[in-house]
Amino acid sequence: MTASDAKADAPVCPGCGARLQTESPDKPGYVPEQALGREDAICRRCFRIKHYNDMTQVAVDRDDFLRMLSGIASTDSLVVHIVDLFDFEGSVISGLQRFVGNNPVLLVVNKIDLLPKSTNWNKIQAWVRRQAKRLGLRPAGVVLCSAAKRIGFERVVEAIQTLRDGRDIYVVGATNVGKSTLINSLIRDYSDLDRELTVSRYPGTTLDQIRIPLDDGRYIIDTPGIVYPYRLTEQVPKGVLPKLLPERPLRPLVYQLNPRQTLFFGALARFDFVRGEPQSFTIYVSPALNVHRTKLERADELYAEHRGGLLSPPDADELDLLPPWTRHSLRVPPGSRTDISISGLGWIRANSAAGANVEVYAPKGVHVMLREAMI
Ligand SMILES: Nc1nc2c(ncn2[C@@H]2O[C@H](COP(=O)(O)OP(=O)(O)OP(=O)(O)O)[C@@H](O)[C@H]2O)c(=O)[nH]1
Ligand SMILES: [Mg+2]
């Protein structure tokens with residue numbers, strides 16, 4: 001996974017886990033020769049992320065991640081499985097139970113700061129448990145938290161202490177769910193270590209396992225995120241991510257729609273209310289994203305004329321980097337509380353008991369699905 005020309009016994013970058021090397025500036029772990037001897041040397045990529053918020057994307061091999069996960073079964077550890085509440089289905093490792101052997105799993109649902117303040121957390125907790133069960137996960141515990149905002153952090157620590165029983169702690173999850181952020185918070189609050197893992201808003205920051213010693217001789221292990229190509233966040237050009245990933249709590253937007261009306265989410269996705277009684281739909285997407293309403297019969301023309309302009313992101317010069325759209329026809333069943341979820345973009349809650357026929361256009365490969373409403 002890391003630079004093949006790095007020597008196997010070379011020190012690793014404490015930020016991303018890549019083996020340090022001085023040969024290939026374009027490969028992971030590169031440090032200039034004179035920096036290599038320094039005790040706190042981090043690779044150039046981590047340096048740039050840290051100081052300039054500038055990320056060099058590195059191609060990663062999904063099989064490496066799966067091999068790494070498979071290795072966990074033969075260890076004696078507590079597996080902390082972090083999921084991003086903003087992209088729950090997209091960030092869950094649904095086959096995790098297969099990989100962990102007899103080790104207990106703690107399911108940590110992160111980024112709860114993104115939900116509206118008025119959220120009923122007991123309901124979310126129950127929703128998470130139902131979804132986890134549906135997806136075949138059998139966690140020994142479920143906790144909700146915000147690693148970045150330190151909300152619910154004591155619950156995470158308590159659950160880890162209860163379940164750990166002297167074992168190592170493996171922190172696993174999809175890219176960008178907040179694994180390294182959570183470990184940084186743990187280090188800061190519960191140890192004397194002077195260490196900081198590299199975190200960034202871009203998926204694929206951590207490149208290899210990073211073992212951080214605990215007081216009792218065991219380790220907490222940060223791992224690279226698994227790349228799930230069906231998340232919009234893995235498909236968009238880098239420049240789009242700041243608009244796609246919310247930094248502040250979502251402000252649900254309620255749209256009262258008549259049938260044959262359309263909503264555009266920039267030029268990233270399109271939602272057509274095709275058939276049903278006039279009804280309201282509640283949109284949960286990043287507040288930075290532009291939502292544009294139009295009539296269905298105007299939608300194709302509007303898109304052709306205004307994508308990259310009025311309909312952005314992506315901007316015109318990045319449009320070609322996005323895969324073409326696929327159309328998903330969905331039937332929202334009557335009488336149900338249903339979300340239409342677009343992995344990585346957010347979700348649309350259908351509010352009417354009467355049901356609806358809708359169509360969603362999203363970049364090819366991005367998962368679009370119906371689920372029980374979260375809120
Ligand atoms: N809103 C919010 N953002 C968070 C939270 N935790 C982490 N983030 C943000 O999520 C992004 C990814 O965080 P990382 O800690 O790098 O995630 P990771 O899982 O280690 O990512 P990889 O190393 O790419 O697998 C960063 O922009 C973090 O600031 C949280 O609780 N709330
Ligand atoms: Mg990380």
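Domain bounds here come from an automatic or database domain assignment. That assignment divides the chain into domain 1 (1-55), domain 2 (62-228) and domain 3 (238-372). Between the C-alpha centres of domain 1 and domain 3 the distance is 40 Å.

The model is predicted: local features need pLDDT of at least 70, side-chain atom pairs count only at pLDDT 80 or more, and totals for chains, interfaces and linings use all residues. Residues are numbered from 1 along each chain as its sequence is written, while chains are lettered from A and ligands numbered from 1 in the order in which they are written.

Helices (H or I, at least four residues) and strands (E, at least two) are DSSP runs, numbered from the N terminus. Two strands pair if DSSP finds at least two bridges between them. Strands of a sheet pair through backbone hydrogen bonds, either parallel or antiparallel.

An open sheet with mixed pairing holds six strands in the order β3-β2-β1-β4-β6-β5. Its edges are β3 (141-144) and β5 (210-213); each has a single partner strand, so one side of each is left without a neighbour in the sheet. From one strand to the next the twist averages 20°.

Within this order, β4 (residues 168-173) and β6 (residues 219-222) are parallel and share three bridges. V171 has D222 in β6 as its bridge partner. The pairing of β5 with β6 is antiparallel, with four bridges, and here I212 has I220 in β6 as its bridge partner. The hairpin of β5 and β6 has five residues between the strands, and in this hairpin G217 takes a positive phi near 85°.

Helix α8 lies across β1 (77-84), β2 (105-110), β4, β5 and β6, and runs at about 150° to β6. Contact in this sense requires that the C-beta atoms of two residues, placed from the backbone, lie within 7 Å. Axes are lines fitted to C-alpha atoms, for helices over the stretch in contact, and angles run from 0 to 180 degrees between N-to-C directions.

**The shell around ligand 1**

A residue is near a molecule or strand if its C-beta atom, placed from the backbone, lies within 6 Å of it. Around ligand 1 there are 25 residues, of which A148, G178, V199, T206 and G225 come nearest. Which helix gives the most to the shell around ligand 1? Helix α8 (residues 179-190) does, with three residues. By class, the shell has seven nonpolar, 13 polar and five charged residues. In this count Ala, Val, Leu, Ile, Met, Phe, Trp, Tyr, Cys and Pro are nonpolar, Asp, Glu, Lys and Arg are charged, and the others, Gly among them, are polar.

A residue is buried if 20 or more other C-beta atoms lie within 10 Å of its own, exposed if 12 or fewer, and partly exposed in between, with C-beta atoms placed from the backbone. Q161 lies in helix α7 (residues 153-164). This residue is exposed, because 11 other C-beta atoms lie within 10 Å. Q161 and L78 are 83 residues apart in sequence, and their C-alpha atoms are 10.0 Å apart in space.

R150 lies in the loop between β3 and α7 and counts as partly exposed, with 14 C-beta neighbours inside 10 Å. D165 lies in the loop between α7 and β4; with 9 C-beta neighbours inside 10 Å, D165 counts as exposed.

**Backbone exceptions**

Most residues other than glycine have a negative phi, and most peptide bonds are trans. The table lists residues and bonds that depart from this.

| Site | Feature | Angle |
|---|---|---|
| R150 | positive phi, not a glycine | about 55° |
| D165 | positive phi, not a glycine | near 55° |
| S312 to P313 | cis peptide bond | omega about 5° |
| P313 to P314 | cis peptide bond | omega near -10° |

P313 lies in the loop between α11 (296-306) and β12 (325-332), and P314 lies in the loop between α11 and β12.

**The five-stranded sheet**

A further open sheet has five strands in the order β7-β10-β14-β13-β16, with antiparallel pairing. Here β7 (253-257) and β16 (368-372) stand at the edges, each with a single partner strand, so one side of each is left without a neighbour in the sheet. The twist from one strand to the next averages 25°. Strand β13 (residues 338-342) runs antiparallel to β16, joined by five bridges; the partner of I340 in β16 is L370.
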